[in-house]
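Trainee: I would like to learn how to read a helix and a chain interface. Can we work through one example together?

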Amino acid sequence: MSLAYAVTDSRIMITRCLRRSRRDPEAFFTALMLPIMLMLLFVYVFGGELKDSGSYVDYVVPGLIVLCAGFGAGTTAVALAADLAGGIVDRFRSMPIRASSILLGQVAASLTRNLLATALVIGVGLGIGWRPTTSVWRWVGAVAMIVLFILALSWLAAAVGLLAGGPEAANSFTFVLMFLPYVSTAFVPTRTMPAALRGFAENQPFTPIIETMRALWMGHTSTGASLGHEAWIAGVWGVGILALSWAGAAWLFRRRFAA
Amino acid sequence: MYDIYRLSMPYTVVAEGIRKSFGGRVVLDGVDLALERGSVLGLLGPNGAGKTTLVRILATLVRPDGGHATIAGHDLAADPVGVRGAISLTGQYAAVDDVLTGRENLEMMAGLLHLPRRTRRDRVAELLAEFGLADAQDRRVGTYSGGMRRRLDLAASMIRRPELLFLDEPTTGLDPRSREQLWHTVRRLAEQDVTILLTTQYLEEADQLADTVAMLTGGQIVARGTPDELKSSLGAEIVRLRFPDVRAWRTALAAGGATRAGATADALIAEDADEQAHTIDIATDGSATRLRALLTAVAATGAATPRVSTHRPSLDDVFLSLIAAAHPAPPPRRAPEPVQ
């Protein structure tokens, strides 16, 4: 019975968060337009110059997915920080419900929003000539990678939302997450970068995650490493960020409300 | 178990020695509080007196540093979930979701209270009608007026009739008409036998709504009683002396300060003083003898002759006099009556 209540509480919280994001016209429009605009911009404006072998759209899809997920996670951090700044979390906490459902609602809504944005990127990509593998298992692998990555970023966003003093402070998180993909293999291979930047780009978490998707969909990485190698590192990063952020968010939540 | 509690416990809240400090600053310094079932307690105190902290502690949102409390038969420390099942909190900042409609807000809260799906819709419709929000039910709360938001907040608190309802400054920031409406609603809830803990800085509000008033200042309850008891504690009449200028006012006030230690019948002890208006308020028993002694004492100070008026003590006078006693210097200045 108690478990059933916990599920009900979380479901109601998720519905609330999704309703809120659907009714914020500015954020909703941005979240929809961002994947489409970026895709067109990268493929048609920069892509002509960047193309070295094959179509640039074949290269850029995983990078755009990561970029949009970064933007989406920023939205989550802001939404949670705004909730905490208002009185409604106090009301929830004074009710006989699972306090954890407040965080779960935000994270689950974040996952939903970002999966939709991902689907949009994939859809637009396919529409303008992206031709990935047709192997079901490789698709399952790529989607699993995306879900792990978005889940990890969403919990990280929850931790940031709890840590930030308010929605404005939480918003700077969006900036960091939107900047990081540019210093990875998302848009150009690392071989043209200066040595210092290249060292960072090759070892930051976004690169193996992007390369794993790239290898699953296109059959090869841009770094020359094998799929197995990139997937292993990406998995460690994904699970590591997820576990740390989850524990961190839970700890921050307890600390904030225990005193 | 519920019935045994109803029969054996005349008190909904029993709190003893509640203490809380934030970063070394003592906010609550041993607060004792008892609320009889079905009563309305008005908790009065200046800004920063710790009213909201006390409410947050009793509503399980903040853990006290010391003391213990039982709410509706549940121990605050041992069974916070039980307490949460018995209370509703209506906060200072109306805790409703701006982006959702009025109806969606109530349905969400009803769902979180695990009302069966079948009854949920009916209960929400009932509350929307009861709190005068039926016409606005499908509008986003962001478009509501301040009064409508508070009413929605109250409606959310009444989805399941609570044993104890916290109203934390329910009318702060409302226009007079909305305030009247909200008072009307609160009275109706009190008639339904809901125990209410009301915090307010408006003394009129406590006078209007509360059976018992407790004054919180300096982290402690400094006075407690019915509004009438508290008012008569100050004597029958307040004499107001209005001096022609600040100099005369200062002279008279200083004379009062000098005699404060060994107060006599002709003492000029100010219950309240206002530098801007050059007034000093003094509590008296209303007798001509006392008034004559008072005027003689004023004349003896050499201050220019004041104009004299008298009025029955209001809760404001009690409030200001208690704060003056808790914080002796500098002499208190009457805060402008908040007009909203």
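Trainee: Which elements do the buried residues of α6(B) pack against?

Mentor: First, the ground rules. This is a predicted model, where local features need pLDDT of at least 70 and side-chain atom pairs count only at pLDDT 80 or more, while totals for chains, interfaces and linings use all residues. Residues are numbered from 1 along each chain as its sequence is written, chains are lettered from A and ligands numbered from 1 in the order in which they are written, and side-chain values use heavy atoms, with hydrogens and water left out.

Mentor: Now your question. Buried means under 20% relative accessible area, exposed over 50%, partly exposed in between (1.4 Å probe, protein chains only). Contact means heavy atoms within 4.5 Å. Helices (H or I, at least four residues) and strands (E, at least two) are DSSP runs, numbered from the N terminus. In chain B, the buried residues of α6(B) pack against β6 (87–90), α4 (102–112), α5 (117–130), β7 (164–168) and α7 (176–191). From chain A, α4 (88–93) joins them.

Trainee: How many residues of α6(B) are buried?

Mentor: Here 10 of the 12 are buried, so α6(B) is largely enclosed by the rest of the structure. Among them are B:Met148, B:Arg150, B:Arg151 and B:Asp153.

Trainee: What span does helix α6 of chain B reach?

Mentor: The expected span is 1.5 Å times one less than the number of residues. Helix α6 (residues 146–157) of chain B reaches 17 Å from its first C-alpha to its last, close to the expected 16 Å.

Trainee: What area is buried between chain B and chain A?

Mentor: The size of an interface is often given as the accessible area lost when the parts come together. The sum runs over both parts (1.4 Å probe). Here the area is about 2,500 Å², with 58% from carbon and sulfur atoms. B:Leu61, B:Leu112 and B:His114 supply 27% of the area that chain B buries against chain A, more than any other three residues. In contacts, 33 residues of chain B meet 23 residues of chain A.

Trainee: How many salt bridges does the rule find across the interface of chain B and chain A?

Mentor: The rule asks for a side-chain nitrogen of Lys or Arg within 4 Å of a carboxyl oxygen of Asp or Glu. It finds six across this interface. A:Asp90 forms a salt bridge with B:Arg56, with the closest N and O atoms 2.5 Å apart.

Trainee: Which elements give two or more residues to the side of chain B that touches chain A?

Mentor: They are α3 (80–86), β6, α4 and α6 of chain B. With five residues, α4(B) gives the most.

Conventions:
Buried area = accessible area lost by both parts, 1.4 Å probe.
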